[in-house]
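Colleague: Thanks for making time to go through this model with me. Could we take it piece by piece?

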Amino acid sequence: MRVLVTGAAGFIGHYVSARLLARGDVVIGVDNLDPSGDVALKRARLARLQGLPGAEAFTFHAVDVTDGPELRALFERERPERVVHLAARVGVRAAGTSPRGYLDTNVTGFFHLLECARGVEHLVYASSSSVYGAGTSAPFREDAAADRPLSFYAATKRADELMAHTYGHLQGLPTSGLRFFTVYGPWGRPDMAPMLFLRALREGRPIDLYGEGRMQRDFTHVDDVAEAVVRVLDRPPTGAPPYRLLNVGRGEPVTLRDFLSLLERHLRTRATLNPLPAQPGELESTWADPSALERETGFRARISVEDGVARLVAWYLQQSGL
Ligand code: NAD
């Protein structure tokens, strides 16, 4: 299968690409190496991909999804059969200070993907648990209203879901929106709590802990997430319209304090805390109901947070030569 993957140099995108290459798919990787993230890490992920089994079927295209004509030319040249769209401006807090970039990439860029993907067999795209916003009862189910986003990032992701619905209804484009719940693991994002905590613990620096660490997150290991993406990709929705939304989470929330305690245990060290007030754009708790994903694909995220943290720490120590 010929699969175009956007955000291929990103955390989740490079895992998804690796999995597709390992099973013999052709992967057309797209990423603009957005400088608002760690560019050296993105290049390192691409280098890793190029050394993996099946890498000869990987091509990389430094295309910005906000550039509609360039994206269209790429689709016409490469003729993908299916698309996994993971490119985005990420992070809840930064969206409050520079919303324009989020609008351009997450909304206009997504619109370009919808236009270019007309006629493909399936467009799978990243949404987020943050769309559940205010007032959703836990565990979160996909049929909740999700009409009170607390961050601009969440609003852009919810807008994508609504646009995908109209392309299913009017154009018959099969789409699956995946609401990822706090994804963590090796090669993870340096701006997210797991990696921030890990680095600070290793370097003996104080850790910024918002809201006394009482926030809960349904931490989901990236290997489970990549497996879920590929399983969904293989099963385009068949309803009318061919549109669906699926949670990708374990369904077992953990407080940030408990996550930190696991890291402390594995690193045999104690954190120095810098307590800060809870952030207004953040949900107090995220908790997936994973049953729709299981029903549609037979798959349920299975890596426990205990195992996931052990793997993360082992990778981190190996990377830093310790
Ligand atoms: P990431 O930042 O590691 O990957 C996103 C990639 O998109 C980056 O490599 C970036 O360079 C690229 N990109 C940004 N703007 C672009 C543009 N205009 N054109 C082309 N490429 C562009 O993030 P991630 O954690 O791998 O997230 C992947 C997707 O999953 C995103 O859509 C994100 O919103 C969503 N998501 C992630 C999580 C999580 O916990 N990691 C949770 C919910 C949703």
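**Loops, sheet and ligand**

Modeller: Happy to! Pro139 sits in the loop between strand 5 and helix 6. Do keep in mind as we talk that this is a predicted model.

Colleague: Which residue is joined to Pro139 by a cis peptide bond?

Modeller: Omega of that bond is about -5 degrees, and the bond is cis. The partner of Pro139 in it is Ala138.

Colleague: And where is Pro241, which a cis peptide bond joins to Ala240?

Modeller: Omega is about -5 degrees for the bond from Ala240 to Pro241. As for its place, Pro241 belongs to the loop between helix 8 and strand 11.

Colleague: Which residue other than glycine has a positive phi near 50 degrees?

Modeller: Look in the loop between strand 2 (26-30) and helix 2 (39-50). The residue there with phi near 50 degrees is Leu33.

Colleague: Which residue of strand 5 is the bridge partner of His85?

Modeller: Strand 4 (residues 82-85) pairs with strand 5 in the parallel sense, over four bridges. In strand 5, the residue bridged to His85 is Tyr125.

Colleague: Now the ligand. Which element supplies the largest share of the shell around it?

Modeller: The ligand is surrounded by 28 residues, the closest being Ile12, Asp31, Tyr153, Lys157 and Val183. By class, the shell has 15 nonpolar, seven polar and six charged residues. Helix 1 (11-22), strand 5 (122-128) and helix 6 (152-171) each give at least two residues to the shell. The largest share, three residues, is from strand 5.

Colleague: How much of the ligand's area does the protein bury?

Modeller: Let's start with the polar atoms: a polar side-chain atom of Asp31 is 2.6 Å from an oxygen atom of the ligand, and a backbone N or O atom of Val65 is 3.0 Å from a ligand nitrogen atom. A polar backbone atom of Ala88 lies 3.5 Å from an oxygen atom of the ligand. Taken alone, the ligand exposes 820 Å². Of that area, the protein buries 96%.

How values were computed. Residues numbered from 1 in each chain as written. Predicted model: local features only at pLDDT ≥ 70, side-chain atom pairs only at ≥ 80, totals over all residues. Heavy atoms only, no water. Near = heavy atom within 4 Å. Polar contact = N/O pair within 3.5 Å; in protein donor to acceptor, adjacent residues only side chain to side chain. Areas by Shrake-Rupley, 256 points an atom, 1.4 Å probe, with all protein chains shown as cover. Nonpolar A, V, L, I, M, F, W, Y, C, P; charged D, E, K, R; others polar. Pairing = 2+ DSSP bridges.
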